[in-house]
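User: I am new to this structure and would like a close look at a single part of it. Could you walk me through what you find there?

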Amino acid sequence: MKEVLSKKIIITGAVQGVGFRPFVYKIAQQFNLLGEVYNNSAGVVIVTQCTQTQLDNLLLSLNNDAPKLSRIIDISIVENYQDDKVYKDFSISKSRKGKASAVVLPDACICNDCIDDITDKNNRRYGYAFTNCTNCGPRFSIIKQIPYDRKSTSMSVFPMCKQCEKEYQNPIDRRFHAQPNACADCGPQLQLTDALGKDVVTKNIVEKTASLLKQGKIVAIKGIGGFHLACLASIESAVVALRERKHRKHKPFG
Ligand SMILES: [Zn+2]
Ligand SMILES: [Zn+2]
């Protein structure tokens, strides 16, 4: 019988909020590993009881196939890790505390799969402005503390609807453990107000905003990281008004 090793593998770097635990979970399924993976304040920890071949396969995959947005700084292995637990499967378990050193990633622009979602009339996220997944969306702007879990982000006030929760819990879903996961039913909503803060009544906020810009209005678009002031560059009166308000007579807008 092959010797069963007990290993604790600690991965540090930008490994939280990038789908790293789901990635490890998938490798574990592929190579029939037993154990668990979790986030702690240092990064991602894998505890596994496995053969040498399984361990080699795991390490090879960690080095070669890690999620696009992740950046591994170090993989350290605790040899002969003493673990009283007997694992019957492999699971993603609750985050634990530890010495804080995990790297938090910047926000990532929308990925092609999410663009497909919001432009497909039959998709439940059609037109939903805050669509994201493990491969894209906000991170740095919403995080309050590490480890990076939904309850540590500004998304904690938006409980997921049943469908979003299902995606979040499904290891083969692109939104598995995607912390800002949301849809029009459960997530943040767009709001359009006038200069006095009064709601502008409209059926489609994006279209209404576009028409306001075309009329030469200046719109302050509040994003996850601050305000973006917008006007149509081809309408001189709008550009002049924006220059006056910003006290920027000549300096180009950045
Ligand atoms: Zn995405
Ligand atoms: Zn939802």
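Analyst: Happy to! Let's start with Asp 74, which in this predicted model is partly exposed, its relative accessible area being 38%. Burial counts only under 20% and exposure only over 50%, so a value of 38% falls in between. You will find Asp 74 in strand β4, which covers residues 71-78. Leaving aside residues up to four places away in sequence, Asp 74 touches Ile 10, Ile 11 and Thr 12. For a sense of scale, look from Asp 74 to Lys 246: they are 172 residues apart in sequence, and their C-alpha atoms are 46 Å apart in space.

Now turn to the zinc ion (ligand 1). Cys 111, Cys 114, Cys 133 and Cys 136 coordinate the zinc ion through their SG atoms, at 2.3 to 2.4 Å. The angles among these four donor atoms run from 103 to 121°, and the site is tetrahedral. For comparison, the ideal angle for four tetrahedral donors is 109.5 degrees. Along the chain, the donors of the zinc ion follow the spacing C-x2-C-x18-C-x2-C. Cys 114 belongs to helix α3 (residues 112-119) while Cys 133 sits in the loop between α3 and α4, so this pair ties together parts that are 19 residues apart in sequence. Both Cys 114 and Cys 133 are buried.

Note on methods:
Residues are numbered from 1 along each chain as its sequence is written. Chains are lettered from A and ligands numbered from 1 in the order in which they are written. This is a predicted model: local features need pLDDT of at least 70, side-chain atom pairs count only at pLDDT 80 or more; totals for chains, interfaces and linings use all residues. Side-chain values use heavy atoms; hydrogens and water are left out. Donors are N, O and S atoms within 2.8 Å of the metal (3.2 Å for Na, K and Ca); water is not among the atoms, so sites may look incomplete. Four donors count as tetrahedral if all angles lie between 85 and 135 degrees; four count as square planar and six as octahedral if opposite donors are over 155 degrees apart and all others between 65 and 115; anything else is irregular. Helices (H or I, at least four residues) and strands (E, at least two) are DSSP runs, numbered from the N terminus. Buried means under 20% relative accessible area, exposed over 50%, partly exposed in between (1.4 Å probe, protein chains only). Contact means heavy atoms within 4.5 Å.
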